[in-house]
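Good morning, colleagues, and thank you for the time. Please turn to the structure on the screen while I go through it.

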Amino acid sequence: MPALALLSALFVMGFEQLVQWKYGAVGVVGMLLLSVGIKAKSPAVSSAGAVLLAVLLAGPAL
């Protein structure tokens with residue numbers, strides 16, 4: 001069980017570093033809002049994070 005928790009933590013940290021490298025601090029804030037909203041079961045917070053990430057991803061296409 002500790003190995004699974006360690007592997008999960010490493011994956012999350014790696015994904016967060018990838019988002020920060022590619023999209024900067026705003027991407028990290030979007031990921032944070034999305035994850036906190038999902039854990040807190042708050043649709044408003046998770047929606048704000050999802051919209052922020054969607055705007056970042058669609059930015060070059062706009």
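This is a predicted model: local features need pLDDT of at least 70, side-chain atom pairs count only at pLDDT 80 or more; totals for chains, interfaces and linings use all residues.

In which helix does Val45 lie? Val45 belongs to helix 2, which covers residues 43-58. Helices here are DSSP runs of H or I with at least four residues, strands are runs of E with at least two, and both are numbered from the N terminus.

Residues are numbered from 1 along each chain as its sequence is written, and side-chain values use heavy atoms, with hydrogens and water left out.

The chain as a whole contains 2 helices and 0 strands. Its C-alpha atoms fill a box of roughly 45 × 25 × 15 Å along the principal axes. Of the 62 residues, 11% are buried; buried means under 20% relative accessible area, exposed means over 50%, and partly exposed lies in between, with a 1.4 Å probe and protein chains only.

I return to Val45, which has a relative accessible area of 29% and is therefore partly exposed. Apart from neighbours within four places in sequence, Val45 is in contact (heavy atoms within 4.5 Å) with Leu33 and Gly37. Between Val45 and Ala25 there are 17 Å from C-alpha to C-alpha, at 20 residues apart in sequence.

Is Ser46 buried or exposed? Ser46 is buried, because its relative accessible area is 14%. This residue also lies in helix 2. With neighbours within four places set aside, Ser46 is in contact with Leu33, Leu34, Gly37 and Ile38. The side chain of Ser46 also reaches the backbone oxygen of Pro43 at 3.3 Å.

Gly49 is another residue of helix 2. Its relative accessibility is 0%, so Gly49 counts as buried. Beyond four places in sequence, the contacts of Gly49 are Gly30, Leu33 and Leu34.

Finally, I turn to helix 1, residues 2-39, where Trp21 is found. Trp21 has a relative accessible area of 69% and is therefore exposed.

Technical notes
A polar contact is a pair of N or O atoms within 3.5 Å; within protein, one must be able to donate a hydrogen and the other to accept it, and residues adjacent in sequence count only if both atoms are side-chain atoms.
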